[in-house]
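Take a look at the protein below. This short report covers its domains, the interface between them and its cavities.

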Amino acid sequence: MIFIYAIAALGLIGLLFGLGLATAAKVFHVETDPRVEEVNDLLPGANCGACGYPGCMKFAEAVVKGEVGPDDCIPGGEEVSREIASLLGKETSSSSTPPLATVFCIGDIYRTTDSFIYDGVKDCAIDASFYDGHKACSYGCLGWGNCVRVCPFDAIRMGSHGLPVVDPEKCTGCELCAKECPRDLIKMLPRGDEGYLALCTSQDRGKTVSKACEVGCIACKACVKVCPVDAIEMDGKLAVIDLEKCTDCGDCEEKCPPGTIHRRTAIPTEEEARAAAEQKEKETA
C-alpha cells in the first residue's frame, strides 16, 4: 500500500507541475511576428555582429520592428537587402557593393627583421603585449592570423610570406578582421580598380623604418612632391593617398624609393615577395 501511495503522490505532483507550466506558458506567452523567422532565413547566418546586434535573429527582429533598415546587414549585401525589403514591403537605399578589407602592410618575412624570437601563444594581441611584438617594426603585421580566425566567410588566409591575403570574391565587408587586428592594419575601402595606396602604417623615423622593413614608408615626401593632383598628404611621418583625388597616373609608385606605394589591384603577392627575396640573394651572393 505504501508503494501505491508513493506512486499516486508522484503522479499527483507531476500533474500539478504540468498544469502550472501550462498555465504559465499561456500567461507569459509572447506573440512573435512570423516574419522574423522569414527574415532570418534570408540572412547569411554568420552571426558576425557587423550590424551591431548579437546575432542574425536579433537583427531580424530589429528589421521587422523598424529599428534598422533592410540594408544594414553588411555581409548580406545588396541582394539580401532587396529580398528583405521585398518581404517586408519596405524600401532599401542599398545601391553599392560592400567595402573590401585591405591590409596596409607589405612587410613580409623576407623584407623585415625581428627584434627577438617569440615562442609564445600564436596570437597577434598577445605577441604585441611583449615589448611591442617580436617584429622590429612596432607597427607591422605580426603574422599570427587573428584576422583569419575571426573571419566567418573564409575570406582571409595567411600567405607563405607571413601576411594575410584577402579574397575579394569572398570578402563581405563585415569589418570583423579590421576590428580584430591589434595594430589596425586592415582598413575597409570602397571596391574599385583605380587608385594607389601607401601600404604602411609606421610613424617611425625613416632611418628606423629602413632598419626594420625594406618596404616601409620613410617619410621622404617624394610621392607628395610628384603627385600632379595633390592627392597625397603626410599624416605625421606617413604618406596617405586620397583615393577620391587619385587619377591613377602612377607617378607616386615610380618615385617611391622603398616601394611602399602600389596600385590597388597590384599589391605584391606571396609569389612576388618570394621571387624578390631570391633575386636579392643572387645579387648579394
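How far apart do the C-alpha centres of domain 1 and domain 2 lie? They lie 33 Å apart.

## The model

This is a predicted model, where local features need pLDDT of at least 70, side-chain atom pairs count only at pLDDT 80 or more, and totals for chains, interfaces and linings use all residues. Residues are numbered from 1 along each chain as its sequence is written, and side-chain values use heavy atoms, without hydrogens and water.

## Two domains

Domain 1 spans 35-88 and domain 2 spans 100-284. These bounds come from an automatic or database domain assignment. Six residues of domain 1 and seven residues of domain 2 make the contact (heavy atoms within 4.5 Å).

## The interface

The two domains bury about 490 Å² between them, 70% of it on carbon and sulfur atoms. Buried area is the accessible area (1.4 Å probe) that two parts lose on being put together, summed over both. Cys48, Ile74 and Pro75 supply 64% of the area that domain 1 buries against domain 2.

## Cavities

The whole structure holds six cavities of 30 Å³ or more. A cavity is a set of points on a 1 Å grid over the protein atoms alone where a 1.4 Å probe fits but cannot get out; lining residues have an atom within 4 Å of a point. Volume is the space filled by probe spheres set on the points.

The largest cavity has a volume of about 140 Å³. Its lining has 21 residues, with Cys105, Gly107, Cys137, Gly140 and Cys213 nearest its centre.

Terms used:
On a 1 Å grid over the protein atoms alone, a cavity is a set of points where a 1.4 Å probe fits but cannot get out, and a pocket is an open set with protein on both sides within 12 Å along at least five of seven lines; lining residues have an atom within 4 Å of a point.
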